[in-house]
Amino acid sequence: MVMNSEGGETQDMTKRCRYGHLHPPAVVKAASKNPTRESHGKPRPYHCPECGLMSKEETVPEYWVEYADLESARQAGHPDACKTCFPQRRCP
Ligand SMILES: [Zn+2]
Ligand SMILES: [Zn+2]
């Protein structure tokens with residue numbers, strides 16, 4: 001009788017962030033470019049809009065792009081979730 005909403009095998013279409021939102025319907029944001037960091041070609045993760053990293057790092061607000069869902073972010077080149085705002089909750 002347990003709804004398996006956590007999924008597991010398939011790609012997660014929704015994620016719960018550390019701030020308690022469910023994404024989607026909450027949007028995610030990712031930097032389309034970053035003036036200060038990493039030019040080593042690593043894909044940038046997407047973040048919850050409330051992620052502390054977004055304001056901590058010296059980023060340019062205009063570079064942040066908002067995505068309606070995780071799939072849109074993935075297709076735009078952000079395959080991974082930020083580890084800070086989307087802590088991985090894999091049970092041992
Ligand atoms: Zn983040
Ligand atoms: Zn969130």
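1. Contacts along the chain. Among the contacts in the protein with a separation of 6 or more, 70% are accounted for by residues 24 or more positions apart. The model is a predicted one, and of the 92 residues of the protein, 21% count as buried.

2. Secondary structure. The protein has 2 helices and 5 strands, and from the N terminus on these elements follow one another as β-β-β-β-α-β-α.

3. The sheet. An open sheet is formed by 3 strands, taken in the order β4-β3-β5, and the pairing is antiparallel. Because β4 (46–47) and β5 (64–67) each have a single partner strand, they stand at the edges, and one side of each is left without a neighbour in the sheet. The pairing of β3 (residues 28–31) with β5 runs in the antiparallel sense over 4 bridges, and Lys-29 stands opposite Glu-66 in β5. As background, strands of a sheet pair through backbone hydrogen bonds, in either a parallel or an antiparallel manner.

4. The nonpolar core. The largest nonpolar core has 13 residues, of which Val-28, Tyr-46, Cys-82 and Cys-85 touch the most other members. Two or more residues are given to this core by each of the elements β3 and α2 (70–75), and the largest share, 3 residues, comes from β3. In soluble globular proteins, nonpolar side chains tend to be buried together.

5. Val-28 in particular. Leaving aside residues up to four places away in sequence, Val-28 touches His-23, Tyr-46, His-47, Cys-48, Tyr-67, Leu-70 and Ala-73.

6. Asp-12. This residue lies in the segment before β1 (15–16). Asp-12 counts as partly exposed because 14 other C-beta atoms lie within 10 Å, a number between the limit of 12 or fewer for an exposed residue and that of 20 or more for a buried one.

7. Two cis peptide bonds. The bond from His-23 to Pro-24 is cis, with omega near -20 degrees, and a further cis peptide bond, with omega about 15 degrees, joins Pro-24 and Pro-25. Pro-24 is found in the loop between β2 (22–23) and β3, and Pro-25 has its place in the loop between β2 and β3 as well. For context, most peptide bonds are trans.

How values were computed: Residues numbered from 1 in each chain as written. Chains lettered and ligands numbered in written order. Predicted model: local features only at pLDDT ≥ 70, side-chain atom pairs only at ≥ 80, totals over all residues. Pairing = 2+ DSSP bridges. Core = buried A, V, L, I, M, F, W, Y, C linked by C-beta atoms within 7 Å. Contact = placed C-beta atoms within 7 Å.
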